[in-house]
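User: Hi! I'm new to reading protein models, and I'd like to know how the terms get applied. Could we go through this one together?

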Amino acid sequence: MAGKEDALRASGERSQWRKRLGGSAPRWGKFWLRIRRNWQLYVLLILPLAWLIIFRYAPMYGAQIAFRQYSPVFGIEGSPWVGLANFERFFNSPKFEPIIVNTLVLSFYSLIAGFPIPIILALSLNQVKMRLFRNSVQMITYAPHFISTVVIVGMLFQFLHPRVGFTAVLANALGVNAPNWMGDPGAFRHIFVWSGIWQEMGFGAIIYLAVLSTVDPALHEAAVVDGANRLQRIRYIDIPGLLPTAMVLLVLSTGRVLEVAFEKVYLMQSPLNLSVAEVINTYVYKVGLLSPILDFSYSTAIGLLKGIVGLLLLIAVNHAARRLTQNSVW
Amino acid sequence: MASLTSYESNINKVNESPVDRIFMLSNTAFLVVITIIVLLPLVFIVSASFSSAEAVIAGRVTLWPVDFSLLGYETIFEHKKVWDGFANSLFYTFFGTIFNVVMTIIAAYPLSRQDLIGRRIITIAFIFTMLFNGGLIPTYMVVRDLGLLNTRAAMILPTGIGVFNLLITITFFRTTIPPELIEAARIDGASDFRIFGSIVVPLARPIIAVLALFYAVNTHWNTYFQALIYLKDQELFPLQLVLREILIENSIDASMLVDVEDLLAREGLRELLKYSLIVVASLPVMFIYPFVQRHFVKGIMIGSVK
C-alpha cells in the first residue's frame, strides 16, 4: 500500500515537474529567441563594448601594478608583488600631508564658494521679466564656459600681470605697487577658486533655470493673492523647488572632491606656489610621467587610492543625502 | 507687441508693493554688476590686443585700445607654429567628433531598447567607469602597448564614448522613438540594421547636433591634457599645447621679435602677442557659441530628466 502511495505521489510530483518544465521551456526558448531576434543590436554594440573593455576596463586590470614593483622588462604580470609597499611609501612621504591638505582645501573652497552662486544667479535671473535683458545677461555669463583652460589661465597671467595687467594699471593709477598675484602662494587658492566661479557660474545656472521654469505658476499666483512679496515667494516656493536638483549636484561634486581640476591647477603651478598648488592629480602625473626616474607603480598606487576613496566618499554622501533629504543620485 | 509688454509691466508695477519694487531694483543692479564682472576681463584682453606694444608695456591700456594697432595680430599670422596647431586641432576635432558621435549612437540605440537582454548590465558597466577608473598610468600603458603613443590616433581613439553623453542619448531615444514604431517596422519586415539606418538615425538628428557640440568643444578643441601625455612631436601638437608654450611657459620664438630693435618695445610685443593670441584662439568657439548655445542647454535639460 505504502509503495503504491509513494508511487502515486512520485508520479504526481513528476507530472507537476513536467508542468513546471512545460511552463518554463517556452520561456527559455523565448529568452534565446529574444537574443536571436535582436542579434543585429548586439552587432551594433560590438565596437562600443570593445572600446569599453580596451580603454576603460583594461586599465583597471593594469592598476594591479600598484601592488607590484613594476618594471617594463617583466611587464604587468611578471613584475614582483610588493603588497602595500607603494601605499605605505606614500603615507610615509613628507609630501603626503601637504598634497592631501592642498587637494581638500582647494576642493572644499571651490565647492563652498562655487555651489550657491549659480543658484543665486538663477533665482535672480528668474525674476527678470524683460526678455532682452534676461537673454543678454545669460548670453554673457555663459560665454566664459566656452573658453579653454589654457586660455583662461593665460588670461589670468595677463590680467594679473605685475606690469602690464589690468590690476597693475589700476594699482599704478592709485599710486601703489602692483603685487605679483600669480607668484604669490597666499593668493593662489583665491585666484583658482574665483576664476573658476567667474568662468562657470552662468553655465551652472542653466540647470537651475530649467528647474525653476517647471515650478507650478499656480503656487506663485496663490502666494500673490495671500500677499506674499517676491522675496517670500523665492524663499518659500523657488528655493524648495530647487532643492532636489541642488542636492543631487552637491552629492556628485562632493564625491569628486579628490579630483581637483588637473588641467587648470597644473597650468597655474610655478615653483613659487608649489607648496599650496600641488594636488593629488598633478603629483600622480609628475611621479608617473615627468620625473627623471619614472615610477609607474608608485604613481598608480596614489591614483588608485584616490579612486577608491573617491568612490567610497560618493557612496557615503549619497547615503547621507538620501537619509537626510530623501534626494539622492541613486 | 512692444506696447503689450509695457502694458503688462505697468500692471505689474501697479500691483507691486514698495518692498517688491526695491527688490526688483536691487535684483537688476545685482545682475548688471555680475555682467560687468564677467565682461571686464574680456574687454581688457580685447582692448590690449588692439593696442600698440608701447602702450601695453607702459601699462596704459584699460578698457579701450590705446594707439590702435594690429601689430599683435600681424605677428601671430606669421607664426607658423600657431597655424600648425590650428590645423592639428581642426583635424583632431573633426575626426574625433565623428568617431565619438558614431560610437555613442551605436551604443545608445541598442541600450535604449527595452527588449534587449543584457541592457542593464552593459549600461551599468558604462556608468561604473564614471565612478571609478584605472587611473592615469594604467591608461597610459594601454595606449603605449597599442602603439598609439605619439600618433594622431592617440588623440582620437581613447576619447571614445563619454558616459554622460551616452546617458543623455539613451534617454533621448527612449523618449522620442516609440516602441510601436519599431514594432511596426519589424512587422513590415525591416531588420534592426534597416530600422537603425532608416528610422533611428534620421530621428536622432537633434541629439547628434548636441553630441557633436559637446564632443567637439569639451573633448577636443578646448583640451590639452591628452596631447600633453601622449604626444611628443611638435608637428602633432594641437593648438592648446602651442598656446600653453606661449601663454604659460612664455616661450616665444625670438625670431618673431627681430623687427623691433628697442628692448622695451620688444618686451611689449611679447605681451601684445599673447593678448592677440588669446583673442584668436577663443574666436572660433566664441563665434559659433551664440548660435549653438541652445543645443548645449537642450543637452543639459535632457541630462537632467534622468
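User: What makes a residue pair between domain 1 of chain B and domain 2 of chain B count as a polar contact, and how many such pairs are there?

Analyst: A polar contact is a pair of N or O atoms within 3.5 Å; within protein, one must be able to donate a hydrogen and the other to accept it, and residues adjacent in sequence count only if both atoms are side-chain atoms. Between domain 1 of chain B and domain 2 of chain B, 1 residue pair meets this, with both residues at pLDDT 80 or more. The side of domain 1 that touches domain 2 has 11 nonpolar, 3 polar and 1 charged residues (nonpolar: Ala, Val, Leu, Ile, Met, Phe, Trp, Tyr, Cys and Pro; charged: Asp, Glu, Lys and Arg; polar: the others, Gly among them).

This is a predicted model, where local features need pLDDT of at least 70, side-chain atom pairs count only at pLDDT 80 or more, and totals for chains, interfaces and linings use all residues. Residues are numbered from 1 along each chain as its sequence is written, chains are lettered from A and ligands numbered from 1 in the order in which they are written, and side-chain values use heavy atoms, with hydrogens and water left out.

User: How do you know how much area the two domains of chain B bury?

Analyst: Buried area is the accessible area (1.4 Å probe) that two parts lose on being put together, summed over both. For these two domains that is about 1,400 Å², 85% of it on carbon and sulfur atoms. In domain 1 of chain B, the biggest losses to domain 2 belong to B:Val285, B:Phe296 and B:Ile302, together 35% of what that side buries.

User: Why are B:Asp115 and A:Arg37 called a salt bridge?

Analyst: The term needs a side-chain nitrogen of Lys or Arg within 4 Å of a carboxyl oxygen of Asp or Glu. The N to O distance here is 4.0 Å, so the pair qualifies. Chain B and chain A have 1 salt bridge between them, whereas the two domains of chain B have 0.

User: What makes residues of chain B and chain A count as being in contact, and how many are there?

Analyst: Contact means heavy atoms within 4.5 Å. By that rule, 100 residues of chain B touch 91 residues of chain A. The area buried between these chains is about 8,800 Å².
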